[in-house]
Amino acid sequence: ERLAEHTLGMERPASISFGEALAAFLSTHSKQKHRPSTARENKRILERHFLPKFGKRDLADIRTAEIATLLDGLQDTPSEAEHAFRVLRTFLNFCTKRGHLRESPLGQLEPPLRQQARERVLSEEELSKVWKQARAIGHPYGTIVQLLILCGQRTGETAAFRWSWIDAEGISLPAQVTKNGRASRIPYGPLTRSVLEAVPKNGNLLFPA
């Protein structure tokens, strides 16, 4: 049987668990090739949705149907489902290139349907209610919402704000924290300044973990 597998190019890869392969992926490929924010999100997705199910399993024993079942369980959150599929595909391709798998168990699975862009925006009345509630909640989460409203940046970018990026006229985002990998400059006015002045200055980050 072993000789036949060798002849047909069907030799089973050396045994490695999903968890062991994941640790290697995060410490090498993801750390070296992705921005820190992307690496953190890869870790979150894989550890939250796949590690509990597959952590101790031999990577080569994981079947397409099992992955499909997990992804189907995320259908109520289509954006998360799509993201989980794409991060898992990157991880399994890494495992295949490393020789841990002969082929990816994603098989012929299609990505979950992409979430449709939302056309609705908050009315002025709704936005006012959100603002007042965020102000009541205060730092850190309420302050993040206030800055999202005022600056129009992504949640991850806003939560990563550092005092060293802020001067009297604007906020300078470095390329390593932006989704498009480009540095950007955000001018701000008196209302944003008043929100920033109310933030406790404990270290370099506005919102320490």
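This is a predicted model: local features need pLDDT of at least 70, side-chain atom pairs count only at pLDDT 80 or more; totals for chains, interfaces and linings use all residues.
Close-up 1. Setting aside neighbours within four places in sequence, S30 contacts F25, A39 and N42. The residue belongs to helix α2, which spans residues 18–33. With a relative accessible area of 1%, S30 is buried, because buried residues are those under 20%.

**Close-up 2. The salt bridge between K43 and E47.** The closest N and O atoms of this pair are 3.0 Å apart. K43 and E47 are both found in helix α3 (residues 36–49), at a spacing of four residues, or about one turn of the helix. K43 is partly exposed, its relative accessibility being 39%. E47 is likewise classed as partly exposed, at 31% relative accessibility.

**Close-up 3. The salt bridge between R86 and E82.** The side chains of R86 and E82 meet with an N to O distance of 3.2 Å. Helix α6 (residues 78–97) holds both R86 and E82, four residues apart, about one turn of the helix. R86 has a relative accessible area of 30% and is partly exposed. E82 counts as buried, at 9% relative accessibility, because this value falls under the 20% limit for buried residues.

**Close-up 4. The salt bridge between K129 and E125.** Here the closest N and O atoms lie 3.8 Å apart; the pair qualifies as a salt bridge because the cut-off is within 4 Å. K129 and E125 are separated by about one helical turn because they stand four residues apart in helix α7 (residues 124–137). K129 is exposed, with a relative accessible area of 55%. E125 is also exposed, its relative accessible area being 56%; both residues receive this label because exposed means over 50%.

**Close-up 5. The salt-bridge network of E41, R44 and E80.** In this view, salt bridges link E41, R44 and E80 in a network. Side chains of opposite charge can pair when their charged atoms come close. For the model as a whole, the count of salt bridges comes to eight.

Notes:
Residues are numbered from 1 along each chain as its sequence is written. Side-chain values use heavy atoms; hydrogens and water are left out. Helices (H or I, at least four residues) and strands (E, at least two) are DSSP runs, numbered from the N terminus. Buried means under 20% relative accessible area, exposed over 50%, partly exposed in between (1.4 Å probe, protein chains only). Contact means heavy atoms within 4.5 Å.
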